[in-house]
Amino acid sequence: MKQLLKYSFSICFLLSLLFVQAQEKTTTTTSTEQDLKITETKNTPPTKKNPEKKLGAAATDTIKPKTDRYGLIVGADINKIARSIYDSNYNGIAFTADYRLTKKYYLYGEIGSEEVTVEDPLLSTTTKGSYLKVGFDYNAYNNWLDMENLITLGVRYGFSTFSEQLNNYLIYNPHPYFGQSGLIDSGKKYDGLTASWAEVAAGVNVKVFNNIYVGFSLQLKVLVTKSEPTNFESLYIPGFNRTYDGNFGAGFNYTVSYFIPIYKKKVIPVKTAPKKK
Amino acid sequence: MKKIIALLIILGFASSSCEPDDICDPNTPTTPRMLIQFFDISNPSLRKNVTNLKVIGEGGQAEGVVFNPSGVDEAKYLTSTDSILLPLNTDADIVKYKFILNSGNKNPLLVNTDNLEFKYTRESIYVSRACGFKTIFNLDPTNPFTLSDATPADEMWIQYVIVAKNNITSENETIIKIFF
């Protein structure tokens, strides 16, 4: 069942890519509309003085000066919410924010909270805590006209504070002459644990309609600091996810976001120089 | 741009559909057995081989402790070396072992059984995600072992027992020295 759900997310990836495709198609149609507009304005009666020149100026004017909208893209991690519903061992929520600083750069922030019960073959733990990530996103996508899609490459730094509870465990005994001992209930709680990590992220954020975005991102992480509980180990870190023998980790976000426009900036076309005489 | 998308798809599939399998590496030091060495009573600094020793623990497998995993049938449970590794019970603070010398000998007069009982405390130590916890043992400081003869009494073959080390944390350190 879990496998199936995992694949369903893979399918979601593909679907989200279809959004990209769809978006590209629609923009081609809008560009033809734009062409029509231009031709229409060309048909306006030329004025007396210098018809030739005026026509040229009019043509450049009607190619509406492109405006980039600046603001905040606020999103929720749908993957975490969905998993909270179908996975009884998981409860989590996360919000992301991208604040557009310049044409290409965004300030990124993410805040989240998770409660996860990890059941390994020999031990079961419950980790509860919250995390914060800050960093930058670079939009590598060249938007045409009024498109506002993002293909982001980002760097972030994450912090997490959490508690870990050892629910139960088994003794690993390679020579069970007296038989294997049963599951030992522990319930021991390790409070006040912290961790921090650096991560690189790659993602796609597509404007599906109006100001609604759908996106996903993948992250590769490397632990920088980690407080180890005595006689135990942090097996899961909220925001970082599962820990491995090395310091590396991976993560995945599937987000639905809303763009809050704050101000607009005109993109001054390069050919405006001859306009002034 | 197409390349980026392709990379993302590959990464997406890779991360969404493979689950790392955690299997405890058999070479990881986990719950240790107790190392017992045999010495010559007439020359206590010299190690001495036992002959066809069989050790059976109370509550354990009735055939005895496997000393020779590659052996067939009875040979599995017999050893003729100068040291043995005995498992301790991870569920109790006491083990009772029967040490049978010359086990299986055709002459029943040569077969000699002594009882050796060990008392200890246990502690769970975290190993890793894959291996979980291990148990380490601490032999009781005042009364670590009790040596007694079998019933019906045959002469004791074990002459003297020394505790070399109380805490059993690895299989490399000699815990018990038996002189015979």
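# A chat about chains A and B

User: What kind of model is this?
Analyst: It is a predicted model. For chain A, the mean pLDDT is 79. In that chain, 73% of residues reach 70 or more.

User: Where in chain A does the pLDDT fall below 50?
Analyst: One such stretch is residues 11-15 of chain A. Beyond near neighbours in sequence, that stretch has four contacts in the model. Residues 53-59 of chain A are also below 50. There the model shows nine contacts beyond near neighbours in sequence.

User: OK, the layout. How many helices and strands are in chain A?
Analyst: Chain A has three helices and 10 strands. From the N terminus on, the elements run α-α-β-α-β-β-β-β-β-β-β-β-β.

User: Which strands close into a barrel?
Analyst: Eight strands of chain A do, in the order 1-2-3-4-5-6-7-10. The pairing is antiparallel. From one strand to the next, the twist averages 25°.

User: What holds strands of a sheet together, in general?
Analyst: They pair through backbone hydrogen bonds, either parallel or antiparallel.

User: Back to chain A. How many bridges join strand 4 to strand 5?
Analyst: There are 17, and the two strands run antiparallel. Strand 4 covers residues 123-139. As an example of who faces whom, Tyr138(A) stands opposite Leu153(A) in strand 5.

User: And how many between strand 5 and strand 6?
Analyst: 18 bridges, again with antiparallel strands. Strand 5 spans residues 150-169, and strand 6 spans 184-209.

User: Which residue in strand 6 is the bridge partner of Glu164(A)?
Analyst: Tyr190(A) is that partner.

User: Keep going. How does strand 6 join strand 7?
Analyst: Through 14 bridges, running antiparallel. Strand 7 is residues 212-226. Phe209(A) has Ile212(A) in strand 7 as its bridge partner. The hairpin of these two strands has two residues between them. One residue of this hairpin, Asn210(A), takes a positive phi near 40°.

User: Is Thr230(A) buried or exposed?
Analyst: Exposed, because it has 6 other C-beta atoms within 10 Å, and the cut-off for exposed is 12 or fewer.

User: How far is Thr230(A) from Val116(A)?
Analyst: Their C-alpha atoms are separated by 20 Å. Along the chain, the two residues are 114 residues apart.

User: New topic: helix 3 of chain A. Which strands does it lie across?
Analyst: Helix 3, residues 78-86, lies across strand 1 (66-77), strand 2 (90-100) and strand 10 (248-267) of chain A. It runs at about 170° to strand 2.

User: What share of chain A is buried?
Analyst: Buried residues make up 27% of its 277 residues.

User: Where is the largest nonpolar core?
Analyst: Its residues with the most contacts inside it are Met34(B), Ile36(B), Val55(B) and Leu86(B). The core has 27 residues. Elements of chain B that give two or more residues to it include strand 1 (34-39) and strand 5 (112-128).

User: Last one: what does Ile36(B) touch, leaving aside neighbours within four places in sequence?
Analyst: Ile36(B) is in contact with Ser83(B), Ile84(B), Leu86(B), Ile175(B), Ile176(B) and Ile178(B).

Definitions and conventions: Residues numbered from 1 in each chain as written. Chains lettered and ligands numbered in written order. Predicted model: local features only at pLDDT ≥ 70, side-chain atom pairs only at ≥ 80, totals over all residues. Pairing = 2+ DSSP bridges. Helix = DSSP H or I, 4+ residues; strand = E, 2+ residues; numbered from the N terminus. Buried ≥ 20, exposed ≤ 12 C-beta atoms within 10 Å, placed from the backbone. Axes fitted to C-alpha atoms, helices over the stretch in contact; angles between N-to-C directions. Contact = placed C-beta atoms within 7 Å. Core = buried A, V, L, I, M, F, W, Y, C linked by C-beta atoms within 7 Å. pLDDT = per-residue confidence, 0-100.
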